[in-house]
Amino acid sequence: MPGKRRQVAVSGEEPRGDVLVEVKDLKKWFPVTGGVFGRLVGHVKAVDGVSFYIKPGETLGLVGESGCGKTTTGRVILRLLEPTEGAVYFEGANIFDLNREQMRRLRRQMQIVFQDPYSSLNPRMTVGDIVGEALEIHGVARGRSKEKRVRELLDVVGLNPQHIRRYPHEFSGGQRQRIGVARALALNPKLIICDEPVSALDVSIQSQILNLLEDLQAEFNLTYLFIAHNLSVVKHISDRVGVMYLGQVVELGGAEELFANPLHPYTEALLSAIPLPDPELKRDRIILEGDVPSPLNPPSGCHFHTRCRWVQPICRDENPPFVDVGDEHFVACHLRKTREKQ
Amino acid sequence: MSRLLELDKLKTYFYTEEGVVLAVDGVSFHIERGETLGVVGESGCGKSVTALSILRLVPNPPGRIIGGDILFEGQSILRKTEAQMRDLRGNDIAMIFQEPMTSLNPVYTCGEQIAEAIELHQGLRKREALEKAVDMLKLVGIPGPERRVREYPHQLSGGMRQRVMIAMALSCNPKLLMADEPTTALDVTIQAQILELMKDLKQELGMAIMLITHDLGVIAEMAKRVVVMYAGKVVEEADVAGLFRKPLHPYTEGLLSSIPRLNRPQGRLHVITGQVPNPVNLPPGCRFHPRCPYTEDICLQREPELVDTGGGRLVSCWVRAGGSRAEVA
């Protein structure tokens with residue numbers, strides 16, 4: 001394995017008991033081939049050593065810019081993609097040890113809501129079929145009882161149950177996203193992965209869906225992994241937030257704490273880059289130079305060192321460990337201690 | 001001196017099979033020389049069609065400018081010949097589009113695309129125009145401009161492509177730059193770079209900017225004055241500080257309170273109920289009345305006018321623009 005192995009200080013070898021999901025040193029590398037013979041020329045290190053846990057009933061937000069690996073992380077947790085390395089424990093069991101049948105049964109417990117409410121619903125299926133499909137596949141309900149359950153679900157997400165025979169194109173963007181949420185709820189899952197669920201929606205519709213997700217969480221005791229690039233949205237809905245950069249989580253902490261007291265220079269820059277809807281507020285902005293480096297060939301050592309304004313020689317050589325600095329606030333930065341003293 | 005741009009009750013309709021879409025329906029506002037005007041609104045409110053109308057680029061059919069006038073430096077754009085328009089586009093008025101991926105031509109190098117406008121409008125030869133293109137790339141902060149000028153759009157990242165778009169738009173020193181969602185497709189750290197670049201270039205070159213966006217954060221940061229659009233109409237116009245401190249129109253108020261804030265504690269998000277109306281079948285009276293918490297009888301019957309409430313603040317609302325109702329009665 002090239003490069004130094006990243007130290008993980010999240011926990012020991014055993015999975016934690018008090019969490020619903022634990023992700024341990026997860027890696028997902030996509031092979032890149034080139035030439036006439038399709039020779040392997042490298043890997044896109046989409047997820048490159050990610051560790052975190054999600055407690056029952058909480059919302060963990062995952063933010064980062066495009067290409068940082070947040071969506072891939074979500075997909076590997078659902079095992080929609082097979083990992084290159086690492087483990088994901090769901091209620092203590094490593095999901096990568098499960099066989100097909102066991103995995104199929106586990107999928108009832110974990111569902112996903114996709115970003116684009118236009119392309120994630122089959123245009124040839126009625127709402128009833130879309131929401132009810134999982135009920136049938138998992139043998140939970142069919143016929144009359146399926147229809148009854150679908151009507152209930154539509155009502156729960158704020159749609160008119162009488163629209164059960166309509167097709168997706170007859171709904172607006174916000175309503176389609178409600179259909180997506182109803183589909184995810186159908187099997188009474190414990191975990192829902194929300195992958196950019198509001199980014200395709202208008203501002204006035206966004207708040208409707210965010211409130212709906214909060215209400216459903218309270219009602220059904222759901223656990224969310226909320227993946228988004230919009231930090232304001234993530235802060236609003238999350239209990240804890242993880243910040244990803246080039247396939248790694250660089251900082252993770254309680255939402256309030258992380259936004260008030262960012263420790264990683266990338267988090268700091270990201271927060272200061274967001275235009276705030278407050279014209280009278282004056283603040284200093286940290287403008288990051290250049291673009292995010294290619295995940296095909298990420299920088300050595302700390303992946304952020306090429307754009308970091310505090311960079312030291314050690315940052316180029318060693319990948320910083322991801323350490324808990326207290327109160328479940330984790331950060332991966334060599335210079336945290338020295339910067340604290342300043 | 002006359003105002004740089006003045007829209008007077010502009011109407012751009014689209015004649016579709018489903019019916020007539022009132023995309024822009026009596027929109028009036030103006031832009032002073034060198035100022036940044038923000039135009040905010042959700043998808044379908046008519047903000048992009050307004051910009052396309054100013055350049056007379058509305059696809060016809062199905063679209064047509066059927067009423068009102070657009071004055072650029074005191075002269076009607078609608079009465080110009082097509083040749084005069086070509087002279088104006090890219091020269092006096094330039095535009096940056098939302099998608100830097102699709103608005104550059106993939107089969108020409110960046111340099112050729114920038115040079116094209118320079119050759120056309122400034123009468124430079126190809127070689128001189130390409131040299132100017134290098135200068136423009138340098139101006140917008142692209143490293144290694146001599147090399148980049150020979151590269152194709154696919155060799156550049158999204159942020160770099162948007163810089164090329166800006167370089168192209170600014171190459172002829174326009175008096176007005178229209179930027180339609182210039183940073184929506186970009187990541188936040190890249191967005192910060194582009195916004196900073198636009199601010200610097202405005203200082204340096206002194207052009208006016210019409211910034212079209214749905215992002216209230218970008219508006220707060222960039223604009224001096226703001227026009228809020230809803231369903232083809234201007235519902236409010238104000239200076240940026242006034243708008244954010246005390247929005248007058250219920251739609252603006254709802255919009256501002258429905259966005260999650262980073263810098264202040266917030267409970268449950270406010271929700272504007274319902275949906276943006278179908279543009280073919282708009283509600284009677286005030287177009288916002290089905291979603292408005294303050295609706296009164298008159299709102300259902302008569303469409304409110306955009307009324308000056310003093311201090312450069314205009315609002316189109318029966319409930320909030322108190323004086324106008326007394327006059328009507």
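The buried residues of helix α3 of chain A are covered by elements that include α4 (143-156) and α5 (173-185) of chain A. The model is predicted: local features need pLDDT of at least 70, side-chain atom pairs count only at pLDDT 80 or more, and totals for chains, interfaces and linings use all residues. Residues are numbered from 1 along each chain as its sequence is written, while chains are lettered from A and ligands numbered from 1 in the order in which they are written. Helices (H or I, at least four residues) and strands (E, at least two) are DSSP runs, numbered from the N terminus.

**Helix α3 of chain A**

- Helix α3(A) spans residues 127-137, and its buried residues include A:V127, A:I130, A:V131, A:G132 and A:L135.
- A residue is buried if 20 or more other C-beta atoms, placed from the backbone, lie within 10 Å of its own.

**Strands of chain A**

- Strands β1(A) (residues 21-34) and β4(A) (residues 85-90) pair in the antiparallel sense over five bridges; two strands pair if DSSP finds at least two bridges between them.
- Residue A:K24 has A:A87 in β4(A) as its bridge partner.
- Strand β4(A) is also joined by two bridges to β5(A) (residues 93-94), and these strands run antiparallel.
- Residue A:N94 in β5(A) stands opposite A:Y89.
- The hairpin of β4(A) and β5(A) has two residues between the strands, and A:E91 takes a positive phi near 50 degrees there.

**Helices α6(A) and α10(B)**

- The axes of α6(A) (residues 203-220) and α10(B) (residues 250-258) come within 9 Å and cross at roughly 45 degrees; axes are lines fitted to C-alpha atoms, for helices over the stretch in contact, and angles run from 0 to 180 degrees between N-to-C directions.

**Contact between the chains**

- Chain B gives 39 residues to the contact and chain A gives 33 residues.
- On the side of chain B that touches chain A, the elements that give two or more residues are α7 (188-205), α8 (216-222), α9 (240-245) and α10 of chain B.
- The largest share of that side, seven residues, comes from α7(B).

Technical notes. A residue is buried if 20 or more other C-beta atoms lie within 10 Å of its own, exposed if 12 or fewer, and partly exposed in between; C-beta atoms are placed from the backbone. Two residues are in contact if their C-beta atoms, placed from the backbone, lie within 7 Å.
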